Amino acid sequence: WKPPMKSNIQFVLTGIPDVDDGFIKPNAGIYEVDMFYTPEETIKTMNELGQKVICYFSAATAENWRDDYGLFEKASLGLELPDWPGERYLDIRRKNVLDVIKKRIDTAAEKGCNAIEPDNVDVYSNDNGFTPAIVPADTVAYLHKVSEYARSKGLSVGIKNCVEILGDIFPDVDFAISEECVQYKNCTAYANFTTAPRPGTEGKPVFEVEYVDYTYSGKWSDQGVALTPEQFKTSNKNFPGLTNEKLRRKLCNLDEPGVTLENPYLKINTIIKTLDLDGFIMFCDGRVEKTRT
């Protein structure tokens, strides 16, 4: 399975989707969930409900709350991530790291995931503590190995951010995830990804996530649909002066020439979340739903 070019997606990385009542909202078609925390039975039920499941795990940091943390050798561990106590960068050039990540891919396949998102592989752009320094070419080589193994297990592979190497890794990934490309003004970096970087290739889907804070005084349906979405008050500190509909249009690039909901900017599929990455989701047409967790 590979995601279609024009797709919806829902990210639920805080909490586990609750599918006990035989439904899931929104009917996005694709969900990304935490591979470690989401039970195999939940993933199976999500598939039965028509949702493909991308399983998230970090492929370039070691988190001391994960069950397999002890498998990483001391020499594989670098500096701790700022603002993330207990999480340290990994030296992706070491065989030990690849061996542990292969075990994670095995787990994803066993749980019934349809795809994986190996996160944090842009370790080259961070102060990671390794000497000699990790460079973009190291990530390209590492991702090739990760992707080759994942595909051998029947899983498609996505990449988050890493805009510097999108062209180099294009053959090894099946979709891309962008965070806040509107804020960072780098959405155009994905133009070749969605339209194909070279002759003889086809474009691949990009999922874009922008973030807001919100308040809502309206009601929700029993299945988690906001009944009066016009009552949402949204803001983003990085876009002072823009709120509500104007902010939504900005984050969805709807004011760019020729862009419509049916013809999104650079063929990028955008959704709006909060930084909690819980069940809340706002679509570019203004609909708001909340996945039960």
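Reader: Which element gives the most to the lining of the largest pocket, and with how many residues?

Author: H5 does, with three residues. Helices (H or I, at least four residues) and strands (E, at least two) are DSSP runs, numbered from the N terminus. This is a predicted model, where local features need pLDDT of at least 70 and side-chain atom pairs pLDDT 80 or more, while totals for chains, interfaces and linings use all residues. Residues are numbered from 1 along each chain as its sequence is written, and side-chain values use heavy atoms, with hydrogens and water left out.

Reader: How do I read a pocket, and how much space lies in the largest pocket?

Author: Rolling a probe the size of a water molecule over the atoms shows where empty space is left. Here a pocket is an open set of points on a 1 Å grid over the protein atoms alone, where a 1.4 Å probe fits, with protein on both sides within 12 Å along at least five of seven lines; lining residues have an atom within 4 Å of a point. Volume is the space filled by probe spheres set on the points, which are joined across faces, edges and corners. The largest pocket holds about 1400 Å³. Its lining has 42 residues, and Trp84, Asp119, Asn120, Glu179 and Tyr211 lie nearest the centre. Two or more lining residues come from each of E6, strand E9 (175-179) and helix H5 (181-184).

Reader: How many residues of each class are in the lining of the largest pocket?

Author: There are 17 nonpolar, 11 polar and 14 charged. Ala, Val, Leu, Ile, Met, Phe, Trp, Tyr, Cys and Pro count as nonpolar; Asp, Glu, Lys and Arg as charged; the others, Gly among them, as polar.

Reader: What lines the second largest pocket?

Author: Its lining has 19 residues, with Lys6, Asn8, Leu261, Thr270 and Cys284 nearest the centre. About 310 Å³ of space lies there. Strand E13 (residues 269-273) gives the most to this lining, three residues. By class, the second largest pocket has 10 nonpolar, six polar and three charged lining residues.

Reader: Now helices. What length is expected of H2?

Author: The expected span is 1.5 Å times one less than the number of residues. Helix H2 (residues 95-111) has 17 residues, and 24 Å is expected. From first C-alpha to last, H2 reaches 25 Å, which is close. H3 also has 17 residues and should span 24 Å; its end C-alpha atoms are 24 Å apart, so the two agree.

Reader: Which residues of H2 are buried?

Author: Buried means under 20% relative accessible area, exposed over 50%, partly exposed in between (1.4 Å probe, protein chains only). In H2, Asn96, Val97, Leu98, Val100, Ile101, Arg104, Ile105, Ala108 and Lys111 are buried. Their cover includes helix H1 (40-48), strands E3 (52-58), E4 (61-63), E6 (87-90) and E7 (115-119), and helix H3 (136-152).

Reader: Why does Ala109 count as partly exposed?

Author: Ala109 counts as partly exposed because its relative accessibility is 26%. The residue sits in helix H2. Contact means heavy atoms within 4.5 Å. Beyond its neighbours within four places in sequence, Ala109 touches Lys153 and Leu155.

Reader: Which residues of H3 are buried?

Author: Thr139, Val140, Tyr142, Leu143, Val146, Ser147, Tyr149 and Ala150. Among what covers them are H2, E7, strand E8 (156-160) and helix H4 (166-169).

Reader: What about the backbone? Which residue just after H2 takes a positive phi?

Author: Most residues other than glycine have a negative phi, and most peptide bonds are trans. Just after H2, Gly112 takes a positive phi of about 95°. Gly154 follows H3, with a positive phi near 85°. Lys185 is not a glycine, yet its phi is positive, about 55°. Lys185 lies in the loop between H5 and helix H6 (191-195), and counts as exposed because its relative accessibility is 75%. Leu266, also other than glycine, has a positive phi near 55°. Its place is the loop between helix H7 (244-251) and E13.

Reader: Where is the peptide bond to Pro26 placed, cis or trans?

Author: The bond from Lys25 to Pro26 is cis, with omega near -5°. Pro26 is in the loop between strand E1 (10-12) and strand E2 (30-34). The bond from Thr131 to Pro132 is cis too, with omega near -5°. Pro132 is in the loop between E7 and H3.
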